[in-house]
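Have a look at the structure, then follow the notes below.

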2 protein chains.
Amino acid sequence: MAGIEGDDSATTSGSTLGYALLSLLTRGPATGYQLTQQVKAPLGHFWTARHSQIYPELARLSAAGWVDSVEQAGPGPRAKKTYAVTAAGLTALRAWLVIPPTAQPRSEITLKAYAATSADPVAMAALYTDLAERSTRLLAEYEQDASRMRAAGQDDPGNPRFGNYAVLMMGVESQRVVHRWALWLASCLRTGRPVPYGEPPG
Amino acid sequence: MAGIEGDDSATTSGSTLGYALLSLLTRGPATGYQLTQQVKAPLGHFWTARHSQIYPELARLSAAGWVDSVEQAGPGPRAKKTYAVTAAGLTALRAWLVIPPTAQPRSEITLKAYAATSADPVAMAALYTDLAERSTRLLAEYEQDASRMRAAGQDDPGNPRFGNYAVLMMGVESQRVVHRWALWLASCLRTGRPVPYGEPPG
DNA sequence: CCGCTCTATGTAACTTCTGACATGTCAACT
DNA sequence: AGTTGACATGTCAGAAGTTACATAGAGCGG
């Protein structure tokens, strides 16, 4: 009765990273190492985490009873642990999902654009031309992923991996925007005069 | 000769926030309070900072010799300080600007989409419908700002405030993307079946 | 005259995130 | 036989960022 250690199951409120890990684990059980890999794509296009952040967070989730783990004697000096979401974890995730997000996006490329006129226009134009090229490569990559997903039926909201497709679609759209915007900006900086937005530059 | 305190002007490397503040100060001298206001728009659409972060950072920039300050006896118990970029600060900013940025963007709305199928489809669809509505409002607001800026000649790369316009254009494009994507996602979740991306939903 | 908001600057505690350190197995390649 | 890379888990120091606390004048509305 005297609950010294047992009464935090309802009170515990997780961090965003915690919910991100729970989301990944809804795809199936995984080790910390696997989560570190899985957070790279497609989630990694909009959310990243290092292993040094993931392992402690998994321990916290475990302490909160939101994940279970089984140990399996791994290769290194420590046991390998495979984690799975618990019913409590899934409930917590569901509750968090429907809260309207407030966090502002943060973009370093846009920050640099804010001060673009303080630097050498030629160097800055080159920077944004490179960025446009990179976005072209990424776009091709993402679109290939997308058609593979469609072939696998992951564009169906009934598919448990539909979220991967939804994130990827945001990635595709974002890269298109970056491409257009970077070319426009480079064009402005190179010509030194106003360029209407959205025109394909010659 | 024995430089105990004078040899850090070239070595000092700033934080991203420091460069953001230098960028703001290229528009003209400002107090920490004014910088806190100015970081809200349009830079704030892609980069935010609270005053509790700005004041200590200004002290660091001042210590590095990247900004100067003059005191003016302010309203509160402390003197009001107006900061201005120094030549060293401008040099540092220029050097930082041409380094290709690596930081990945971070988006909570996209993270939630990754786990969309774990929550109640109706509630999630409502979330993204609300998001689409918000982006409509923001888009209208940003476009109004943009046409005001064009009227003021800020779409000219020769204008020192051109960076404001460049950031705003990214804001406009981003909100358009969020709008389309959120409506698509809501449509997927409501109908429960694949919806081709980019179709205006009925 | 009381309270509210805006101006204005700072500190302190806390959470989050990064980068480096630390360890060790196993398979493939050279 | 030696090296590289993938697998696998952790810690620690420090940077970056958030939330709350603290102070105080000036102007305005009630």
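For "domain: Transcription regulator PadR C-terminal", an unreviewed UniProt entry lists residues 106-187 of chain A. This is a predicted model, and in it that span is 78% helix and 0% strand, with its end C-alpha atoms 24 Å apart. UniProt, again in an unreviewed entry, also lists residues 21-94 of chain A for "domain: Transcription regulator PadR N-terminal". Over residues 21-94 of chain A the make-up is 45% helix and 16% strand, and 13 Å separates the end C-alpha atoms.

**How the two chains relate**

- Chain B is superposed on chain A by a rotation of 180 degrees, with 0.0 Å of shift along the axis and an RMSD of 0.1 Å. That is the relation of a two-fold axis.
- Which surface do the copies use to meet? They meet through the same surface, because 100% of the interface residues of chain B are also interface residues in chain A.

**The sheet of chain A**

- Three strands of chain A make an open, antiparallel sheet, in the order S1-S3-S2. Its edge strands are S1 (30-31) and S2 (67-71) of chain A, each of which pairs on one side only.
- Strand S3 of chain A covers residues 81-85 and pairs with S2(A) in the antiparallel sense over five bridges. Within this pairing, Asp68(A) has Ala84(A) as its bridge partner in S3(A), and Ser69(A) has Tyr83(A).
- S1(A) and S3(A) also run antiparallel, joined by two bridges. Here the bridge partner of Ala30(A) in S3(A) is Tyr83(A).
- Helix H1 of chain A, residues 16-25, lies across S1, S2 and S3 of chain A and runs at about 90 degrees to S3(A).

**The sheet of chain B**

- In chain B, three strands again form an open sheet with antiparallel pairing, ordered S1-S3-S2. Strands S1 (30-31) and S2 (67-71) of chain B stand at the edges with a single partner strand each, so one side of each has no neighbour in the sheet.
- Helix H1 of chain B (residues 16-25) packs on the sheet, where it touches S1, S2 and S3 of chain B; its direction makes about 90 degrees with that of S3(B).
- Five bridges link S2(B) to strand S3 (residues 81-85) of chain B in the antiparallel sense. One of the bridge partners in S3(B) is Tyr83(B), which faces Ser69(B) in the pairing.
- Is H1(B) mostly covered or mostly open? H1(B) is mostly covered, with nine of its ten residues buried. The buried residues of H1(B) are Leu17(B), Gly18(B), Tyr19(B), Ala20(B), Leu21(B), Leu22(B), Ser23(B), Leu24(B) and Leu25(B).

**The nonpolar core**

- The largest nonpolar core has 122 residues, and those touching the most other members are Tyr128(A), Trp181(A), Trp184(A), Tyr128(B), Trp181(B) and Trp184(B).
- What does Trp184(B) touch, leaving aside its neighbours within four places in sequence? From chain A, Trp184(B) is in contact with Phe162(A), Tyr165(A), Ala166(A) and Met169(A). From chain B, the contacts of Trp184(B) beyond those sequence neighbours are Val195(B), Pro196(B) and Tyr197(B).

- Asn164(B) sits in helix H7 (residues 162-191) of chain B. With a relative accessible area of 7%, Asn164(B) counts as buried, because the cut-off is under 20%.
- Apart from neighbours within four places in sequence, Asn164(B) is in contact with Tyr114(A) from chain A, and with Arg27(B), Pro42(B), Met149(B) and Gln154(B) from chain B.
- Where does Asp155(A) lie? Asp155(A) is in the loop between helix H6 (121-151) and helix H7 (162-191) of chain A. Its relative accessible area is 16%, and Asp155(A) is buried.
- Setting aside neighbours within four places in sequence, Asp155(A) is in contact with Met149(A), Arg150(A), Phe162(A) and Tyr165(A), as well as with Pro194(B) from chain B.
- Asp155(A) and Ile99(A) are 56 residues apart in sequence, and their C-alpha atoms are 24 Å apart in space.

Conventions: Residues numbered from 1 in each chain as written. Chains lettered and ligands numbered in written order. Predicted model: local features only at pLDDT ≥ 70, side-chain atom pairs only at ≥ 80, totals over all residues. Heavy atoms only, no water. UniProt positions renumbered as here; feature names shortened; annotations may be inferred. Helix = DSSP H or I, 4+ residues; strand = E, 2+ residues; numbered from the N terminus. Core = buried A, V, L, I, M, F, W, Y, C linked by side-chain atoms within 4.5 Å. Buried < 20%, exposed > 50% of the residue type's maximum accessible area, 1.4 Å probe, protein only. Contact = heavy atoms within 4.5 Å. Pairing = 2+ DSSP bridges. Axes fitted to C-alpha atoms, helices over the stretch in contact; angles between N-to-C directions. Least-squares fit on C-alpha atoms with pLDDT ≥ 70 in both.
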